[in-house]
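I opened a notebook for this chain. These are my entries, in the order I looked things up.

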Amino acid sequence: MLAKLRAEGNGEDRARPRLGGVDSPLTLAAPGRRLRLVNETAPLRAAFVGLGTMGAPMARNLARKGFPLAVASRSFAKAEALARELAGSPAPVTAARTAAEAAALADVVVSCVPDAPEVEAVHLGPGGTIEAARPGTVVVDCSTIDAEAARGVARKLTEKGILFLDAPVSGGQKGAVEGTLTFFVGGEAAALERARPVLEAMGRRVTHLGPSGAGQLGKATNQVIVAGTVMAVSEGIAFAQRAGLPLEALHGALTAGAASSWTLEVLGKKMLDRDFAPAFAVKHQQKDLAIVLATARRNGVPLPGAALAHQLLSALEALGQSEDGTQALLTLYERLSRGAASGR
């Protein structure tokens, strides 16, 4: 439990919150006064909420970089298992039962969950970060959600003195494991600078794009381009298969030329290996494309390529492949090619 505020010094109503006997590096100022750092040399304490395909490796990187870390998930057993796995890390790793419990132990709280309802539950609901995070805590949400939803969470946390950054990521599971993610960040620049060491422990590039919601709009742009390239790579490989080309040799040539992209290099290789396990599942791409297309409609922007990708992936879902990785789009092109060849 956080200690009650106590009067100190020259009559200003400020105190240094304590948790488990550890002084927080943040102090609470009197009304109208800015928050300031008490001990700028103290290491940032981090929390991570959401330990799925992306979240677990991101949390591992924080532990390996020496951040005192609290982890939480919908399943406490999953949080406990990760804490045991990371027991030999440079700093303590603690399993928390709720987001609130994790937030009470942290200066920067990172979350990565499936969609807006989960983001709202984690940060605003019962047992959410809003219940225990101290004023001045920075909440960084790496989920991909609608920009308006991100702004709504930001407004409610700000009312409690909690800073919020929407910082969705690109780079997939591979980037999460290797610590090479790209962060698209929306929110206050000062909050980003406070949280930057935490983000840089998990990624290679951190880009501030503007106020709350801007990070989500940046990620939406990313998904427009990614959906188009997944579609293009699937088409290209289906074409090459039908033409009888040596696919491994062709892949090497393509990745060395103008057609090269992360999608061709990574997902194209998975297509050749018939590896359709989800690094990024079809159902998650569909959720992101739904956000993209709704935003485009509000802004009056036609996105025929993204709409086509959405429809093709819908066909894949209808075939029972929503849990497959997006590279499974190749199999739909193969089905269509076989149908055309047989006259169906």
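Among contacts between residues at least 6 apart in sequence, what percentage join residues at least 24 apart? I counted a contact wherever heavy atoms lie within 4.5 Å. The answer came to 62%.

**Ground rules.** I am working with a predicted model, where local features need pLDDT of at least 70, side-chain atom pairs count only at pLDDT 80 or more, and totals for chains, interfaces and linings use all residues. Residues are numbered from 1 along each chain as its sequence is written, and side-chain values use heavy atoms, with hydrogens and water left out.

**Overview.** I found 13 helices and 13 strands in the chain. Helices (H or I, at least four residues) and strands (E, at least two) are DSSP runs, numbered from the N terminus. I then looked up burial. Buried means under 20% relative accessible area, exposed means over 50%, and partly exposed is in between (1.4 Å probe, protein chains only). Of the 344 residues, 50% count as buried. The accessible surface of the chain is about 15900 Å². Carbon and sulfur atoms hold 56% of that surface. These areas come from the Shrake-Rupley method with a 1.4 Å probe, and for residues only the protein chains shown count as cover.

**Cores.** I searched for nonpolar cores next. Such a core is a set of buried Ala, Val, Leu, Ile, Met, Phe, Trp, Tyr and Cys residues joined through side-chain atoms within 4.5 Å. The largest one has 42 residues. Phe48, Met58, Leu62, Leu69, Val140, Phe183 and Met202 have the most contacts inside it. A second, separate core has 25 residues, including Ala238, Leu272, Leu312 and Tyr333.

Met58 is found in helix H1. Its relative accessible area is 0%, so I logged Met58 as buried. With the same exclusion, the partners of Leu69 include Phe48, Leu62, Pro92 and Val93.

**A buried glutamine.** Gln216 lies in helix H8, residues 214-243. Is Gln216 buried or exposed? Gln216 is buried, at 3% relative accessible area. Leaving aside neighbours within four places in sequence, I listed its contacts, among them Asp141, Asp146, Asp166 and Pro168.

**An exposed proline.** Pro43 lies in the loop between strand E4 (36-37) and strand E5 (46-49). Pro43 is exposed, with 53% relative accessible area. Pro43 and Asp107 are 64 residues apart in sequence, yet 9.4 Å apart in space, C-alpha to C-alpha.

**Salt bridges.** I counted a salt bridge when a side-chain nitrogen of Lys or Arg is within 4 Å of a carboxyl oxygen of Asp or Glu. The count comes to 13.

Glu85 and Arg60 form one of them, at 2.6 Å, N to O. Glu85 is in helix H2 (residues 76-85) and Arg60 is in helix H1 (residues 55-64), so this pair ties together parts 25 residues apart in sequence. Glu85 is partly exposed at 44%, and Arg60 is partly exposed at 22%.

Glu200 and Arg196 meet at 3.7 Å, N to O. Both lie in helix H7 (residues 189-200), four residues apart, about one turn of the helix.

Arg274 bridges to Glu334, with the closest N and O atoms 2.7 Å apart. Arg274 lies in the loop between helix H10 (262-272) and helix H11 (282-299) and Glu334 in helix H13 (residues 329-341), so the pair ties together parts 60 residues apart in sequence. Arg274 is partly exposed at 42%, whereas Glu334 is buried at 11%. Shared partners join Arg45, Asp107 and Arg134 into one salt-bridge network.

I returned to Arg274 for its backbone. Arg274 has a positive phi of about 55°, although it is not a glycine.

**Rings.** The charged end of Arg97 sits over the ring of Phe76, 3.9 Å from its centre. My rule was NZ of Lys or CZ of Arg within 6 Å of the ring centre and within 35 degrees of the ring normal.
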